[in-house]
Amino acid sequence: MKETDREAVATAVQRVAGMLQRPDQLDKVEQYRRREARKKASVEARLKAAIQSQLDGVRTGLSQLHNALNDVKDIQRSLADVSKDWRQSINTIESLKDVKDAVVRHSQLAAAVENLKNIFSVPEIVRETQDLIEQGALLQAHRKLMDLECSRDGLMYEQYRMDSGNTRDMTLIHSYFGSTQGLSDELAKQLWMVLQRSLVTVRRDPTLLVSVVRIIEREEKIDRRILDRKKQTSFVPPGRPKNWKEKMFTILDRTVTTRIEGTQADTRESDKMWLVRHLEIIRKYVLDDLIVAKNLMVQCFPPHYEIFRNLLNMYHQALSTRMQELASEDLEANEIVSLLTWVLNTYTSAEMMGNMELAPEVDVSILEPLLSPDVVSELLDTYMSTLTSNIIAWLRKALETDKKDWIKETEPEADQDGYYQTTLPAIVFQMFEQNLQVAAQISEDLKTKVLVLCLQQMNSFLSRYKEEAQSYKEEHLRDRQRPHCYVQYMIAVVNNCQTFKESIVSLKRKYLKNEVEEGVSLNQPSMDGILDAIAREGCSSLLEEVFLDLEQHLSELMTRKWLLGSNAVDIICVTVEDYFNDFAKIKKPYKKRMTAEAQRRVVLEYLRAVMQKRISFRSAEERKEGAERMVREAAQLRLLFRKLASGFGEDADGHCDTIVAIAEVIKLTDPSLLYLEVSTLVSKYPDIR
């Protein structure tokens with residue numbers, strides 16, 4: 001208390017110090033004293049009131065405790081009296097056992113009397129119910145079945161309630177109503193038969209389907225009532241709960257599965273298109289069934305059954321299972337494509353689940369995939385592996401077929417512009433086109449992969465094509481009389497290179513937006529290089545054919561025979577022109593290159609004849625004559641190659657000027673000018689010896 005007093009005094013001092021900080025506040029000391037006195041009086045009043053309230057509560061509590069003690073004593077005395085009376089009445093209760101047995105027998109007899117009419121009429125009701133089931137009057141049959149079950153269950157419940165251990169009477173009742181369970185099973189069979197054909201029944205006789213649903217609903221209500229009673233009495237009649245609603249969905253699920261599996265009418269052995277037909281039948285059946293379910297069946301079922309949603313899930317699950325089974329089979333490449341196209345595209349398209357007649361109940365955006373990503377990936381890997389093998393085999397076969405054409409006695413066909421060609425490019429790229437179109441039906445990613453695969457195999461194929469063209473040339477050189485149309489088919493081989501180039505560009509432009517798409521590298525320069533090499537070697541082979549025929553006449557140049565009037569250059573010009581008439585069937589890029597190469601080689605052979613010193617001029621007169629002949633022949637060659645190059649829009653006779661320059665040196669008569677002429681010649685043609 002002393003500590004509290006000290007704190008109170010300190011607080012008071014602090015409050016007074018706060019009030020009297022200025023001299024003018026001393027005048028208000030009396031006012032402050034009165035105000036504090038009022039506050040003190042108020043606090044004391046509240047304290048007195050609180051203490052009085054606490055005292056009243058304590059007084060009331062003590063009074064209630066006293067009353068409770070008296071009540072407990074009264075109860076104790078009453079319990080003692082009850083215990084005494086109970087001990088005295090034990091013998092009396094035992095003497096009433098006969099009365100108790102009589103009451104039980106009376107209750108049993110009362111229940112029997114109450115159901116007496118139904119008990120005696122059981123055989124008749126069973127016969128009537130059986131007849132109604134056979135006649136298809138399912139609602140009436142179920143009504144009578146319910147009466148039978150109600151009588152049986154009532155008797156069994158009374159027996160169970162009065163003597164649950166009396167199994168003999170229970171068995172007696174159950175055996176007397178034994179045919180009831182058989183009727184229930186027979187009726188259930190009829191219900192399941194209707195449900196199995198529900199999609200047909202709902203079109204022809206929807207009332208029959210409604211009757212089935214009503215019966216199932218009745219049984220569900222009875223099941224619920226019995227299960228509720230079981231919680232109180234533990235009694236459950238035999239055959240309950242029937243769970244017919246659950247069985248109904250099981251039957252519908254099994255029916256859907258059977259319908260999906262039963263659509264396969266053919267096998268691979270009987271029909272190569274078995275899978276396409278199978279999938280198309282599934283598509284048609286599923287779409288038709290769901291439309292019927294949406295428009296008709298939902299009207300025959302209570303809304304809480306959600307029959308359309310449940311059927312949709314059943315069909316989706318059955319389809320998923322069936323697609324898994326098909327995917328696990330050893331499918332061929334075209335069958336994998338058919339399956340994936342159907343699963344990834346057709347299933348969600350307007351031809352099936354995306355059909356307007358199913359909207360808005362069916363939302364394709366939330367449908368689970370029929371095949372897992374792993375299975376799809378595995379199928380795609382199998383397809384790519386099989387496709388790779390097929391493309392290699394197809395390309396090899398196409399090349400073998402083309403090689404057989406090379407030895408024919410007839411010329412190859414020409415395109416609309418008159419250029420020789422074979423069917424090889426068309427066959428190869430038609431095959432590529434077909435595979436790309438198929439891949440595009442599945443996905444853009446697969447299309448890109450197939451395009452890359454085609455171009456990769458094209459690279460390998462062109463290498464083999466190059467080797468075969470080389471072998472074709474070597475075989476011809478062993479016997480230049482065979483094949484008969486060697487030149488024409490070699491021209492076709494050269495032209496095919498240009499066709500291949502154009503087709504590759506066209507294929508990429510059509511099936512790939514840009515070459516950098518998704519990091520794809522198509523190795524185009526490599527293919528162009530191989531094609532150019534094939535064309536270059538083909539052109540070289542054709543020119544070699546020309547120069548083999550010119551060999552004898554080229555050897556006459558710059559000889560004594562040539563000086564005396566040989567017509568070797570005339571023959572050379574005629575031969576070259578004759579060959580180039582055939583070479584007109586070569587496409588322009590290669591023909592232009594061949595013309596320039598032919599001129600270069602003719603001039604080169606002419607210069608080689610000069611350098612080999614095949615003739616020694618005996619006089620200045622002979623040198624002059626020889627030089628003039630060289631100038632004339634250079635003009636003749638120039639005219640020839642101008643004619644051959646006329647379609648290219650440029651001058652192609654520059655090499656012939658070399659012959660004229662050499663002739664100028666040869667006919668020189670002043671030795672002092674020789675060094676100057678030779679220097680000029682070398683500076684103009686630095687690669688001349």
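The largest cavity in this predicted model has a volume of about 60 Å³. A search of the whole structure finds two cavities of 30 Å³ or more.

**The largest cavity**

- The residues that line the largest cavity are A469, Q470, K473, M490, V493, I534, E537, G538 and S541.
- Two or more lining residues come from each of helix 17 (444-478), helix 18 (486-511) and helix 19 (524-554).
- Helix 19 contributes the most to this lining, with four residues.
- By class, the lining of the largest cavity comprises four nonpolar, three polar and two charged residues.

**The second largest cavity**

- The second largest cavity holds about 30 Å³ of space.
- Its lining consists of T257, I260, E261, A318, T321, R322 and E325.
- Helix 11 (244-261) and helix 13 (307-328) are the elements that each supply two or more of these residues.
- Helix 13 gives the most to the lining of the second largest cavity, with four residues.
- Three charged residues occur in this lining, together with two nonpolar and two polar ones.

**Helix 23**

- Helix 23 spans residues 620-644 and has 25 residues.
- From its first C-alpha to its last, helix 23 reaches 36 Å, close to the 36 Å expected at 1.5 Å a residue.
- The buried residues of helix 23 are E622, G626, A627, R629, M630, E633, A634, L637, R638, L640, F641 and L644.
- Among the elements that cover these buried residues are helix 20 (560-563), helix 21 (568-583), helix 22 (588-611) and helix 24 (656-666).

Notes
Residues are numbered from 1 along each chain as its sequence is written. This is a predicted model: local features need pLDDT of at least 70, side-chain atom pairs count only at pLDDT 80 or more; totals for chains, interfaces and linings use all residues. Side-chain values use heavy atoms; hydrogens and water are left out. The expected span of a helix is 1.5 Å times one less than its number of residues. Buried means under 20% relative accessible area, exposed over 50%, partly exposed in between (1.4 Å probe, protein chains only). Contact means heavy atoms within 4.5 Å. On a 1 Å grid over the protein atoms alone, a cavity is a set of points where a 1.4 Å probe fits but cannot get out, and a pocket is an open set with protein on both sides within 12 Å along at least five of seven lines; lining residues have an atom within 4 Å of a point. Grid points are joined across faces, edges and corners, and a volume is the space filled by probe spheres set on the points. Ala, Val, Leu, Ile, Met, Phe, Trp, Tyr, Cys and Pro count as nonpolar, Asp, Glu, Lys and Arg as charged, and the others, Gly among them, as polar.
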